[in-house]
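Here are my notes on the model, in numbered points. Please read them with the structure open.

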Amino acid sequence: MEAITYTIEGMLIEVDNPGEKLQAKKLNAIRVISGMNRSKFAEWLGIPYRTMQDWELGVSKVPDYVLNLIAYKVANEKEKGNI
């Protein structure tokens, strides 16, 4: 299956094989765009590392509104040149 592109808060997110863990893959793509590893990203957002890990691995689902807020913050900070 080929990659599918999504737009979240103005950012283009490309996800391979979306399947049932789509939210996890979107979050991972947003983190990759930020240029941070999982630990740094979780700290930067003020989210416990274990929560971020569970979201990215698809153990638990990141709420849509949280995913959108994270994407919004990453997009704005990239635009300002802060990340």
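Where does Met52 lie? Point 1 takes this up, and the later points move on to other residues and to the whole chain. Keep in mind throughout that this is a predicted model.

1. **Met52.** Met52 lies in helix α3. Its relative accessible area is 0%, so Met52 is buried, the cut-off being under 20%. Setting aside neighbours within four places in sequence, Met52 contacts Leu27, Arg38, Phe41, Ala42, Leu45 and Ile47.

2. **Phe41.** This residue belongs to helix α2. Is Phe41 buried or exposed? Phe41 counts as buried, because its relative accessibility is 0%. Its contacts, not counting residues up to four places away in sequence, are Leu27, Ile30, Arg31, Ser34, Met36, Met52, Ile70 and Val74. A further pair to check is Phe41 and Asp54, which are 13 residues apart in sequence. From C-alpha to C-alpha, Phe41 and Asp54 are 14 Å apart in space.

3. **The core.** How many residues does the largest nonpolar core have? The count is 21 residues. Ile30, Phe41 and Ile70 have the most contacts inside this core. At least two core residues come from each of β2 (11-15), α1 (22-34), α2 (38-45), α3 (49-57) and α4 (64-80). The most is given by α4, with 6 residues. As general background, nonpolar side chains tend to be buried together in soluble globular proteins.

4. **Ile70.** Which residues does Ile70 touch, if those up to four places away in sequence are not counted? They are Leu27, Ile30, Phe41, Leu45, Ile47 and Trp55. Among these partners are Ile30 and Phe41, which are listed with Ile70 as having the most contacts inside the core.

5. **Glu77.** This is a charged residue to look at. Glu77 lies in helix α4. With a relative accessible area of 18%, Glu77 is buried, because the cut-off is under 20%. Glu77 touches Trp44, Asn82 and Ile83, not counting residues up to four places away in sequence. Glu77 and Glu14 are 63 residues apart in sequence. Their C-alpha atoms are 20 Å apart in space.

6. **Val59.** Where does Val59 lie? Val59 is in the loop between α3 and α4. Its relative accessibility is 59%, so Val59 counts as exposed, the cut-off being over 50%. Val59 and Lys21 are 38 residues apart along the chain. The separation of their C-alpha atoms is 9.0 Å.

7. **Fold and dimensions.** The protein has 4 helices and 2 strands. Along the sequence, these follow the pattern β-β-α-α-α-α. The radius of gyration is 12 Å, close to the 12 Å from the globule rule for 83 residues, so the protein is as compact as a globular protein of that length. The C-alpha trace spans about 35 × 25 × 20 Å along its principal axes.

8. **Burial and contacts.** Of the 83 residues, 37% are buried. Take the contacts between residues at least 6 apart in sequence: 41% of them join residues at least 24 apart.

9. **Surface and charge.** The accessible surface comes to about 5,100 Å². Carbon and sulfur atoms hold 49% of that surface. How many positive and negative side chains does the protein have? There are 11 positive and 11 negative side chains. The centres of the two sets lie 5 Å apart.

Terms used. Residues numbered from 1 in each chain as written. Predicted model: local features only at pLDDT ≥ 70, side-chain atom pairs only at ≥ 80, totals over all residues. Heavy atoms only, no water. Rg over C-alpha atoms; globule rule 2.2 N^0.38 Å. Buried < 20%, exposed > 50% of the residue type's maximum accessible area, 1.4 Å probe, protein only. Contact = heavy atoms within 4.5 Å. Areas by Shrake-Rupley, 256 points an atom, 1.4 Å probe, with all protein chains shown as cover. Lys, Arg positive; Asp, Glu negative; His and termini not counted. Charge placed at Lys NZ, Arg CZ, Asp CG, Glu CD. Core = buried A, V, L, I, M, F, W, Y, C linked by side-chain atoms within 4.5 Å.
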